[in-house]
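Hello,

Here is the structure I promised to hand over. My notes on it follow below.

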Amino acid sequence: MSLYGKSILLVIGGGIAAYKSLDLIRRLRERGASVRCVMTQAAQEFITPLSVGALSADHVFTELFDRQDEHDVGHIRLSREADLIVVAPATADLMAKLAAGLANDLASTVLLASDKPVLMAPAMNPRMWAHPATKRNLATLKADGVAFVGPNTGEMAESGEAGEGRMAESLEIVAAIESRLSGAAKPLAGRKIIVTSGPTHEAIDPVRYIANRSSGKQGHAIAAALAELGAEVHLVSGPVSIPDPHGVSVIHVESARQMHEAVERLLPADAGIFVAAVADWRPQAETDQKMKKGVASPALKLVENPDILAGVGHHEKRPELVIGFAAETQDVLENARKKLARKGADIIVANDVSHDSGMGTGGVMGGQRNRVHIVTAEGVEDWPEMAKEEVAKRLAQLVADRVGTKR
Ligand SMILES: Cc1cc2nc3c(=O)[nH]c(=O)nc-3n(C[C@H](O)[C@H](O)[C@H](O)COP(=O)(O)O)c2cc1C
């Protein structure tokens, strides 16, 4: 793909991989992009503004308080003129600054003062990359809509060091830039998709409720991955403690009945993906006052909640594609197959949420990883264990294959 007419703002951070950003500038310009560069103070310890300026054929920006550039508020203008901001190398420090919203030099101020899409190519020592602080910042930035390419696994520039943390190669970064700037990578453009996520809370009295261990991580990641492919995503979320995904319209609900109503209101849609762990039952009567101790122990009489997936699967406004998640603790595939027909779904994504599912403490629910089986009328496809974001990406691609772009 040509990048002709596209304008890239390249923020170069202070890591050894800064030398690779010189090649990146060259590759981008070969493809017709114009490249403006901002260098951090630390970046200038590794490569010079002179070589960056020579390759980009433009002034290189290094100072926040530059009288020449700031007479027209240069730090705001720099990002406004760009189609995409690329941070390469993205140091642990730059990731931390943007995740925290710091703006104490030109690079961080430009990033914070911009509403343009951001692509980061992290590069750092494997221990820095594996540090919980960096992991936290990565999760925050992803939730804020920042895209990432790499890092790769391999030898570090420092002798004797190897592991995950090598900056992606120039051509990989170029490919990531092209895919973000090309409309062709949006196979779900024009498609409306409903996703449910998280648990539901079923009130017993004004302060108590019945809930389950769902964190919403898988459903939210799926909503984000679908939006990434261009879909108009409506996420109906139960009570969760994770942020709303970027680029998605979110309706927050508490109970299964509220979730059901929200989904009904959102129909018609092209696809529905029902990931939420909806409570099967609710207390028959919610008391207005807090139940008091000291009297006879109350008996909780439960009644069944509406079955949201089956309701949509058999609805007169049924979406073209209906996918349900089946969390099971035994006979996972057997139960998923039965659900397929009963719920009127095209696909059941089955996962074993038992504690001995091999997924570490707490199992799948609340955890970071998932191992799922894609059950359709044609058969079962077993996916290997992977991060929930990866499951989400693969599932979004599967949705795109089934209900591709509206013409
Ligand atoms: C030789 C050397 C190599 C470094 N390489 C990296 C690196 O690859 N990634 C990184 O995140 N920090 C690296 N650092 C640390 C950063 O330079 C330091 O955190 C700096 O404050 C980053 O500033 P910046 O984010 O404004 O560019 C390195 C430091 C030195 C001295």
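Which elements do the buried residues of α3 pack against? They pack against β1 (7-12), α1 (18-30), β2 (34-39) and β3 (60-61). Contact here means that the C-beta atoms of two residues, placed from the backbone, lie within 7 Å.

Some ground rules before the rest. Residues are numbered from 1 along each chain as its sequence is written. This is a predicted model, so local features need pLDDT of at least 70, side-chain atom pairs count only at pLDDT 80 or more, and totals for chains, interfaces and linings use all residues.

**Overview**

The chain has 15 helices and 22 strands. These are DSSP runs, numbered from the N terminus: helices are H or I with at least four residues, strands are E with at least two. The C-alpha atoms fill a box of roughly 80 × 55 × 45 Å, taken along the principal axes. Of the 407 residues, 42% are buried. A residue is buried if 20 or more other C-beta atoms lie within 10 Å of its own, exposed if 12 or fewer, and partly exposed in between, with C-beta atoms placed from the backbone. Take the contacts between residues at least 6 apart in sequence: 69% join residues at least 24 apart.

The domain assignment gives domain 1 (7-184) and domain 2 (192-403). Such bounds come from an automatic or database domain assignment. The C-alpha centres of the two domains lie 37 Å apart.

Helix α3 covers residues 49-56, and its buried residues are V52, L55 and S56. Seen down the axis of α3, they fall within an arc of 90°, so they line one face of the helix. The arc is that of the directions from the helix axis to the C-beta atoms. After α3 comes A57, whose phi is positive, near 55°.

Strand β1 has five of its six residues buried, so it is largely enclosed by the rest of the structure. β1 pairs with β2 in the parallel sense, over six bridges. Pairing requires that DSSP finds at least two bridges between two strands. S7 stands opposite S34 in β2.

**The open sheet**

Eight strands form an open sheet with mixed pairing, in the order β13-β12-β9-β14-β17-β18-β20-β21. β13 (249-252) and β21 (379-382) are at the edges with a single partner strand each, so one side of each has no neighbour in the sheet. The twist averages 15° from one strand to the next. Angles run from 0 to 180 degrees between N-to-C directions; axes are lines fitted to C-alpha atoms, for helices over the stretch in contact.

β20 (residues 372-376) and β21 run antiparallel, joined by four bridges. I374 has E381 in β21 as its bridge partner.

Helix α11 lies across β9 (192-197), β12 (232-237) and β14 (271-274), at about 165° to β9. Helix α15 (residues 388-403) also packs on the sheet, touching β14, β17 (321-328) and β20. The direction of α15 makes about 150° with that of β17.

**Cores**

The largest nonpolar core has 56 residues, and V195, I222 and L226 have the most contacts inside it. A nonpolar core is a set of buried Ala, Val, Leu, Ile, Met, Phe, Trp, Tyr and Cys residues joined through C-beta atoms within 7 Å. Helix α11 (residues 217-228) gives the most to this core: seven residues. Another core, of 53 residues, lies apart from it, and includes A33, L78, V87 and A92.

Best wishes
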